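Please keep the sequence and the coordinates at hand while reading.

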Amino acid sequence: MSAYPTALTASTAVAPLRGRVAVVTGASSGIGEAAAARLASLGARVVVLARRAERLDELVSRIGKDGGSALAVAADVTDRAAVRAAADRVEAELGGADLLFNNAGVMLPAPFEESAAGQWQQQIDLNVTALTHVTGAFVPQLVRAAGERGVADLITTSSIAAQNIFPTFAVYSATKAYVTHFSRHLRAELGPKGVRVAAVEPGIVGTELQSHVTDEGAREWLAGSKEAMEWLTPEDVAETVGFLASLPPRVNLQQVTVMPTGQTA
C-alpha cells in the first residue's frame, strides 16, 4: 500500500513534499539554484550538488533562513567516482533520494564548420555522459523509495532545442534530444515501478548559460532575442519542477514545454 497521502490535509497542502529527499544537480546557479529553493519551500530536504562549494554553502544558508532544510555536496558531475560518492553520502546521511532533478548542463553554440571539437566534447561530457551516470547512481534509490512510499520522481532539464532547429546549435540540440528521448525510455522502464520520469523543455531562460557562449554570432543572436522578448526566469522553471513533483502519484507529465510568451520556436 502506498505511504503517499491519499487525502489533502493542511500539512500536505502547505508542504506537499514533506518527508521527501530531493537531489538537485547544477544547483549553484540558475534553474538548479531556483529549483532547490522551491523544492525546499514545498517541504523537501534538498541535496544541492555542483562544483562551486561556496555558492552551495550560500544556498544552503539561504534555504535554512527561509525555514527549509538543505545539504551541500560539492562534486563535479563529470567525475563518475565523485557522483557515486555523492549518491553513497545521500544514502548514508538521508536514507536515499526519492526525487532527482537532473539539471547540470552547458550550452556552447557555434557554426559547425568551425570544428570547435573541445566545445562539442564539453557539451557531450556534461549534457549526455554525466547526466547518464548521475541517473544511474541515483535510480536504485528512486526505485526503492517508490516501492516504500508509492512515488519517486526523476525530472531532467532538456530544452526546446530538443524539438526545434536552431542554426549553430547542432551539438547542443543533439545533446538535448538525447535527454528527452532518454527520459521517454526510462519512463517505460521505471513507470511500472512507481518512478515518474519527466523531461522539462524550456525555451530561453536567463541564466549563466548565455555567459558561457563564446561564438560572436550566437552572442549577437541571444542579445537580439533578449531585446525582442521577455525571457523566462529560473524561478519560472523551478515552479514547473515543483508542480511536477507535487502531483498525485498516479499522474506523470512525461514531457513539459515551457516557453516565453514571445518565443515562437
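Helix H5 passes H6 in a right-handed crossing, a crossing being right-handed if the near helix is turned clockwise from the far one by less than a right angle, and left-handed if anticlockwise. The model is predicted, so local features are reported at pLDDT of at least 70 and side-chain atom pairs at pLDDT 80 or more, whereas totals for chains, interfaces and linings use all residues. Residues are numbered from 1 along each chain as its sequence is written, and side-chain values use heavy atoms, without hydrogens and water. Helices (H or I, at least four residues) and strands (E, at least two) are DSSP runs numbered from the N terminus.

**Packing of H5 and H6**

- The axes of H5 (residues 117-149) and H6 (residues 170-190) are 9 Å apart, and the packing angle is about 15°. Axes are lines fitted to C-alpha atoms, for helices over the stretch in contact, and angles run from 0 to 180 degrees between N-to-C directions.
- H5 and H6 are therefore roughly parallel to each other; this term applies to angles under 35 degrees, with roughly antiparallel over 145, roughly perpendicular from 65 to 115, and oblique for the rest.
- On the H5 side, the residues that meet H6 include Trp120, Ile124, Leu131 and Val139, while those on the H6 side include Tyr172, Tyr178, Phe182 and Leu186. Contact means heavy atoms within 4.5 Å.
- The contact of H5 with H6 consists of 13 nonpolar, five polar and one charged residues. In this classification Ala, Val, Leu, Ile, Met, Phe, Trp, Tyr, Cys and Pro are nonpolar, Asp, Glu, Lys and Arg are charged, and the others, Gly among them, are polar.

**Packing of H2 and H8**

- The axes of H2 and H8 (residues 234-246) come within 8 Å and cross at roughly 45°, and the two helices are therefore oblique to each other.
- The crossing of H2 and H8 is right-handed.
- From H2, the residues Gly30, Ile31, Ala34, Ala35, Arg38 and Leu39 meet a set in H8 that includes Pro234, Val237, Ala238 and Val241. Eight nonpolar, two polar and three charged residues make up the contact of H2 with H8.

**Buried residues**

- Ser28 occupies the loop between strand S1 (21-25) and helix H2 (30-41). Its relative accessibility of 7% is why Ser28 counts as buried; buried means under 20% relative accessible area, exposed over 50%, and partly exposed in between (1.4 Å probe, protein chains only).
- The side chains of Ser28 and Arg52 are joined by a polar contact of 3.0 Å. A polar contact is a pair of N or O atoms within 3.5 Å; within protein, one must be able to donate a hydrogen and the other to accept it, and residues adjacent in sequence count only if both atoms are side-chain atoms.
- Residues up to four places away in sequence aside, Ser28 touches Glu33, Ala50, Arg52, Arg55 and Leu56.
- Val83 belongs to helix H4 (residues 80-94) and counts as buried at 4% relative accessibility.
- Beyond neighbours within four places in sequence, Val83 is in contact with Asp76, Val77, His133, Val134 and Ala137.
- Ser225, in helix H7, is buried with a relative accessible area of 11%.
- A polar atom of the Ser225 side chain lies 3.2 Å from the backbone oxygen of Leu222. Not counting residues up to four places away in sequence, Ser225 touches Ile204 and Trp231.

**Partly exposed loop residues**

- His212 is located in the loop between strand S6 (195-202) and helix H7 (216-228), and its relative accessible area of 36% makes His212 partly exposed.
- His212 touches Val106 and Leu108, leaving out residues up to four places away in sequence. His212 and Met107, 105 residues apart in sequence, are 7.3 Å apart in space from C-alpha to C-alpha.
- Ser115 sits in the loop between strand S4 (99-102) and H5 and is partly exposed at 47% relative accessibility.
- Thr168 is part of the loop between strand S5 (152-157) and H6 and is partly exposed, with a relative accessible area of 29%.

**Backbone geometry**

- Most residues other than glycine have a negative phi.
- Ser115 has a positive phi, near 55°.
- Thr168 also has a positive phi, near 75°.
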